[in-house]
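Please keep the sequence and the model in view while reading.

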Amino acid sequence: LIQLAMPLNYLGMVYREVKQALTNIENMFALLAEQRDVADSPGARDLDPGTGGIVFDQVVFAYEPERPILRGISFEVKPGESVAVVGTTGAGKSTLARLLFRFYDVQSGSIRINGQDLRAVTQSSLRQAIGIVPQDTVLFNDSIGFNIRYGRVDATDAAVQEAARAAQLSHLITEMPKGFDTLVGERGLKLSGGEKQRVAIARTVLKNPPILILDEATSALDTRTERRIQAELEQLAKNRTSLIIAHRLSTIVHADQILVMDHGQIVERGRHDELLAMRGRYAQLWALQQHEQQEALAHEPA
Ligand code: ATP
């Protein structure tokens, strides 16, 4: 028994260490399984995000040299405002988010936050300033409390509970016999797509970053759940500078600016009404999605 207990103890230790390491990787590389191919430049300073104004200035980027993805992208997200990016699949929308998080460096042009080039600041300070609600939230096989606290590992229990409340998770959690200690994942509480997204919202509430990236899920939540989550996301985006990668136009009607992307270029830009009035690409997409949404609603149970 002792022989068995020793390795188990050891494994437990390793597990705790790995867990600790994971929670310390606030850059989320482990979570998003991205390769680390950028490094802090010598003399990099910590970012002063201020109120989080973002500028993309003539950004050119390719993952592979022979295949350009972004072909000179320029736009500005003013502090506290929201810019939404829409466009066909593969147009390069999510790539904008990856570049803002500096998973990769631009080939030419620059990206600046509060006037500071991303290449001149430390990655840890950059990632501290940005919260992401990703398409698919990765959950640890651990308690729901742990999974929420991941947003800020030194958060108090009260803060974790408050974040859960803000993300409309309290109800679900208090129904569980073990509350915040309930395990999630394979052998515990299985969360739906919408609930997982709420965990991401709760994490971001805890992190409280000035900048927010919302990478909208392509996978279908039912329309009603989506509307509720949308309301929570809007709350989260309040007073933050937000970049929204949108797949459904209905969620971005109120964005301060909408960029329509096609093949790595911005082909239209403006507010929802302005874009509709142009009767161009956006207006087409809008008409198509309205139609699809009505169809979907008609087939959903009340
Ligand atoms: P969607 O709406 O389908 O999510 P998107 O507009 O967000 O699409 P991106 O994810 O930005 O598109 O991808 C743009 C292009 O870059 C795609 O053609 C994709 O295949 C390519 N791409 C994305 N990631 C990589 C990568 N790591 N290596 C090589 N090519 C990539």
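The model is a predicted one. The ligand has a shell to which α3 makes the largest contribution, and the largest nonpolar core holds 67 residues.

- Around the ligand stand Tyr63, Glu64, Ile69, Gly87, Thr89, Gly90, Ala91, Gly92, Lys93, Ser94 and Thr95.
- Two elements, β1 (54–64) and α3 (93–100), each give two or more residues to this shell.
- The largest share, 3 residues, is supplied by α3.
- Sorted by class, the shell comprises 6 polar, 3 nonpolar and 2 charged residues.

**The antiparallel sheet**

- An open sheet is formed by 4 strands in the order β2-β1-β4-β5, with antiparallel pairing.

**Helix α6**

- In helix α6 (residues 157–166), the buried residues are Val160, Gln161, Ala163 and Ala164.
- Viewed down the helix axis, these buried residues lie within an arc of 160°, so they line one face of α6.
- An α-helix has 3.6 residues a turn, so residues three or four places apart point the same way.
- The cover over the buried residues of α6 includes α5 (144–149), α7 (170–175) and α8 (193–207).
- After α6 comes Gln168, which has a positive phi, near 60°.

**The nonpolar core**

- In soluble globular proteins, nonpolar side chains tend to be buried together.
- The largest nonpolar core has 67 residues, of which Leu100, Ile148, Ala202 and Ile258 touch the most other members.
- The element that gives the most to this core is α8, with 6 residues.
- Beyond its neighbours up to four places away in sequence, Ile148 touches Val160, Ala163, Ala164, Val199, Ala202, Arg203 and Leu206.
- Among these contacts of Ile148, Val160, Ala163 and Ala164 are buried residues of α6.

**Two glutamates**

- Glu216 lies in the loop between β7 (211–215) and α9 (223–237).
- Glu216 counts as buried because 25 other C-beta atoms lie within 10 Å, where 20 or more are required.
- Residues up to four places away in sequence aside, Glu216 is in contact with Ile244, Ile245, Ala246, His247, Arg248 and Thr251.
- From Glu216 to Asp273, the C-alpha distance is 22 Å, and the two are 57 residues apart in sequence.
- Glu268 belongs to strand β10 (residues 265–270).
- Glu268 is partly exposed, as 19 other C-beta atoms lie within 10 Å.
- Leaving out neighbours within four places in sequence, Glu268 touches Val260, Leu275, Met278, Gly280, Arg281 and Tyr282.
- One of these contacts of Glu268, Met278, is 10 residues away along the chain, with a C-alpha separation of 9.0 Å.

**Loop residues with positive phi**

- Most residues other than glycine have a negative phi.
- Arg102, in the loop between α3 and β4, has a positive phi, near 55°.
- Arg102 is partly exposed, with 19 C-beta neighbours inside 10 Å.
- Asn239, in the loop between α9 and β8, also has a positive phi, near 60°.
- Asn239 is classed as exposed because 12 other C-beta atoms lie within 10 Å, and the limit for this class is 12 or fewer.

Conventions
Residues are numbered from 1 along each chain as its sequence is written. This is a predicted model: local features need pLDDT of at least 70, side-chain atom pairs count only at pLDDT 80 or more; totals for chains, interfaces and linings use all residues. A residue is near a molecule or strand if its C-beta atom, placed from the backbone, lies within 6 Å of it. Ala, Val, Leu, Ile, Met, Phe, Trp, Tyr, Cys and Pro count as nonpolar, Asp, Glu, Lys and Arg as charged, and the others, Gly among them, as polar. Two residues are in contact if their C-beta atoms, placed from the backbone, lie within 7 Å. The arc is that of the directions from the helix axis to the C-beta atoms. A nonpolar core is a set of buried Ala, Val, Leu, Ile, Met, Phe, Trp, Tyr and Cys residues joined through C-beta atoms within 7 Å. Two strands pair if DSSP finds at least two bridges between them.
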